[in-house]
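Here are some notes for a first look at this model. Please keep the structure open while you read them.

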Amino acid sequence: MTDKLIVEKRGSIALLTMNNPPANTWTEESLKGLKTLVEELNADRDIYSLVITGQGEKFFSAGADLNLFAEGDRSVARDIARYFGEAFETLSQFRGVSIAAINGFAMGGGLEVALACDIRIAEEQSQMALPEAKVGLLPCAGGTQNLTMLVGEGWTKRMILCGERIKAAKAQEIGLVEEVVPQGQALEKALELAANVAQQSPTAVASCKKLIQNNRTQHWDAGYILERELFVDLFFTEDQKEGVNAFLDKRAPQWKNR
């Protein structure tokens with residue numbers, strides 16, 4: 001697909017490493033590759049979770065390569081914005097659970113890819129920012145929207161409008177990341193969480209994720225109705241019968257993801 005993304009499958013877990021040293025910046029090639037990869041993982045019924053991390057010890061990802069925008073070419077800007085949007089929106093809609101193992105600086109599009117994931121684990125030395133306005137740009141890969149949904153308007157405005165860079169401890173305090181771990185342990189913790197996903201019914205997880213994210217665009221009342229509908233829909237799946245009977249038989253379920 002692209003050597004800027006390294007993919008390894010570990011049972012039901014897909015491990016994706018951003019591999020564009022020194023700062024793991026995103027390119028047209030890697031953004032298109034991410035979109036294609038997630039689409040392929042959606043079709044792979046043996047994959048239940050996706051863990052994303054950065055190559056090396058300093059950077060998770062520094063976002064876009066600013067050399068792309070040095071000439072002020074609007075057609076380039078339009079194309080890159082579309083590639084970022086398509087890639088990260090596809091990631092956000094991944095059928096399973098996506099976990100960002102933030103192992104260093106997560107800046108601009110590097111933070112936005114983490115924001116597109118379901119869960120974020122950050123190492124204690126990590127720092128996060130959306131500094132686009134400092135160079136006359138703005139976050140165009142979901143940053144203004146996803147960050148607001150996670151931390152509210154106040155901190156979103158501090159980070160974007162005031163250019164505030166935050167450390168991992170503060171990120172956890174405001175709800176930007178779910179957990180902070182010692183240096184070098186983000187991937188281990190992310191893989192541990194991903195392994196827990198395999199204990200759940202993948203069809204149930206997909207429906208639950210859809211419901212949780214439904215309130216981004218729909219009123220709560222619509223969510224209550226959809227919740228009941230999707231509950232009944234699970235009774236058309238093999239996993240529903242397997243899960244209930246495995247519990248009653250006091251054995252581990254064997255999920256078929258259908």
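1. Start with the terms for burial. A residue is buried under 20% relative accessible area, exposed over 50%, and partly exposed in between. Keep in mind that this is a predicted model.

2. Apply that to V232. Its relative accessibility is 48%, so V232 counts as partly exposed. V232 sits in helix α8, which runs over residues 220–233.

3. Together with F231, F235 and F236, V232 makes a nonpolar surface patch. The area of that patch is about 500 Å².

4. Check the length of α8. The helix has 14 residues, and at 1.5 Å a residue they should span 20 Å. The end C-alpha atoms of α8 are 20 Å apart, so the two values agree.

5. Which residues of α8 are buried? They are G223, L226 and L230. These residues cover an arc of only 65 degrees around the axis, so they lie on the same side of α8. On the other side of α8, R228 and F231 are exposed. F231 also belongs to the nonpolar patch. The cover over the buried residues of α8 includes α7, residues 202–214.

6. Stay with α7 for a moment. Q213 is found in this helix. Is Q213 buried or exposed? Its relative accessible area is 14%, and the cut-off for buried is under 20%, so Q213 is buried. Setting aside neighbours within four places in sequence, Q213 is in contact with S92, Q93 and D118.

7. S92 is among the buried residues of α2. What do the buried residues of α2 pack against? The partners are the helices α1 (28–43), α3 (109–115) and α7, and the strands β3 (49–54) and β5 (97–102).

8. Finish with P131. This residue is in the loop between β8 (127–129) and α4 (143–160). P131 has a relative accessible area of 28%, so P131 is partly exposed. How far apart are P131 and V232, C-alpha to C-alpha? They are 45 Å apart in space, and 101 residues apart in sequence.

Notes
Residues are numbered from 1 along each chain as its sequence is written. This is a predicted model: local features need pLDDT of at least 70, side-chain atom pairs count only at pLDDT 80 or more; totals for chains, interfaces and linings use all residues. Side-chain values use heavy atoms; hydrogens and water are left out. Patches are made of residues with over 30% relative accessible area and no salt bridge: like charges are joined within 9 Å, nonpolar side chains (Val, Leu, Ile, Met, Phe, Trp, Tyr) within 5 Å. Accessible areas come from the Shrake-Rupley method with a 1.4 Å probe; for residues, only the protein chains shown count as cover. A salt bridge is a side-chain nitrogen of Lys or Arg within 4 Å of a carboxyl oxygen of Asp or Glu. Helices (H or I, at least four residues) and strands (E, at least two) are DSSP runs, numbered from the N terminus. Buried means under 20% relative accessible area, exposed over 50%, partly exposed in between (1.4 Å probe, protein chains only). The expected span of a helix is 1.5 Å times one less than its number of residues. The arc is that of the directions from the helix axis to the C-beta atoms. Contact means heavy atoms within 4.5 Å.
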